[in-house]
Amino acid sequence: MSLYLISFISALAFFILLLAFILIRSIISPKKTATIEKYINAGKYTAAIKRAKAIIAKNPRDTKAHYLLGKAYLADGKAELALMEFKSISNASFDSKAQEKEFRNLIAQLYERFQQHTEALAEYALLIKLDPQNSEYYYAIGQLFEQLNKTEQAIYHYRQAISFNPKHAAAHAALGLLLFRSKMLNEAKQEISTALSLEPDNTTALYYQGRLLRETKEYAQALAAFEKAARNADLRQKCFTERGLCYMDANSLEKAAFEFDRALKLTTSKNSHPDTLRLRYAAAACYEKMRDLDHAIEQWEAIHSVSPNFKDVGEKLSQYRDLRSNDYMKEYLTVGAEPFLKLCKAVTEQAFSLSVQSQKETKQGCAIIALEDNSEKWMNVRKQPRLFIYSRDSEIISDSFLRSLHEQMKTQNVVRGVVITSSGFSRAAMTFAENRPIELIGKDKLEAMLKTLKGV
């Protein structure tokens, strides 16, 4: 037998063995992934995860195994791990168009959940290429742009959703709210009306109707709309949050706190969804106004643990960092109105050796008119009244506040003013006070004075 023939037979045998291996693998592999799907469908997520990992260990390029591992993680409540798996195959080829659509839907929702809006938008753009006339994709993109405060893009995509599905009630309602905010009142009302005429019991439309009514300060009707919309379990937390905000707008803090508490019971401590962060921030603001700072701090810390740069949460935690270990400042910030007035009177009399003539509660805290003590050395001297402003507001005292105070002092014939705050003063405020009879006392000096009080 010639060398050429031997080589040909060897090559042919190798090729046959390779084809056999590929054929056997193509038969066995689907069976293996089918087992993972069975485990997921049966709720046996741990077994599904274990099986998928074993397949991936042998073949790291098995797209189906990665995909099913991600789905198992998601079903098991491990969204971050699910997103990691999905990201590892985001550029892979899928067996079918339907499978790719399902995958991109899931990964887009996960990106949105973790506030990765740009990535979510990219996935929805790919979904539109796969299914160009699907109104739900345009609606989802509109919602993302709305969260990013890109109103024009959001309006455009809501209109696109409606063009492909004129009976899309939620898109009509969402569009109506944005048109209202853009001062297009007639169009806004028409869209909301269309949404509810299409589906009177559509909870999403009712939710947006409630938001529009809240914007117009029609709180009673807004509260009713949100209560109806809360029948939808997916919207319940958002509806309770909005009801709380309605009550906060109306300065009914106890009712607002009740609604926020209802909403907070529907979330978990590590939830980073934008709606949950918004809820916690609103609840903290409510608790802060109620002087329930322990609960406010609890919400700020929950936000900070999942989103450290969210709004001014870091500043809030820094502002109140000593509260739990500092009983003096805690008392100043948290006591009720009557004890607070008593406390401010004690500071005025003991730290400044003055006699309180009048005292009243203010939005920021309290205002006091005080005179020098009636001692002999002052008997022949006309006593000059001083105006004390005690603030326990979390906001920094601005120069505009001091300008208004200075004018108030002139009308009341008060020669000197003293502003005492648990927060601080803006640079402009300090500059304004330099050449005027206004003394500024910040947190550190206030704390020192509180420590010296007796009989309080």
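This report walks through a sheet and a helix pair in a predicted model.

Residues are numbered from 1 along each chain as its sequence is written. Local features need pLDDT of at least 70 and side-chain atom pairs count only at pLDDT 80 or more, while totals for chains, interfaces and linings use all residues, and side-chain values use heavy atoms, with hydrogens and water left out.

**The sheet**

Let's start with the open sheet of 5 strands, ordered β1-β2-β3-β4-β5 with mixed pairing. Strands (E, at least two residues) and helices (H or I, at least four) are DSSP runs numbered from the N terminus, and two strands pair if DSSP finds at least two bridges between them. β1 and β5 are at the edges with a single partner strand each, so one side of each has no neighbour in the sheet. From one strand to the next, the twist averages 20 degrees (axes are lines fitted to C-alpha atoms, for helices over the stretch in contact; angles run from 0 to 180 degrees between N-to-C directions).

Strands β2 and β3 run antiparallel and are joined by 6 bridges; Ile368 has Phe388 in β3 as its bridge partner.

**The helices**

| Helix | Residues | Partner | Angle |
|---|---|---|---|
| α5 | 97–113 | α6 (117–130) | roughly 160 degrees |
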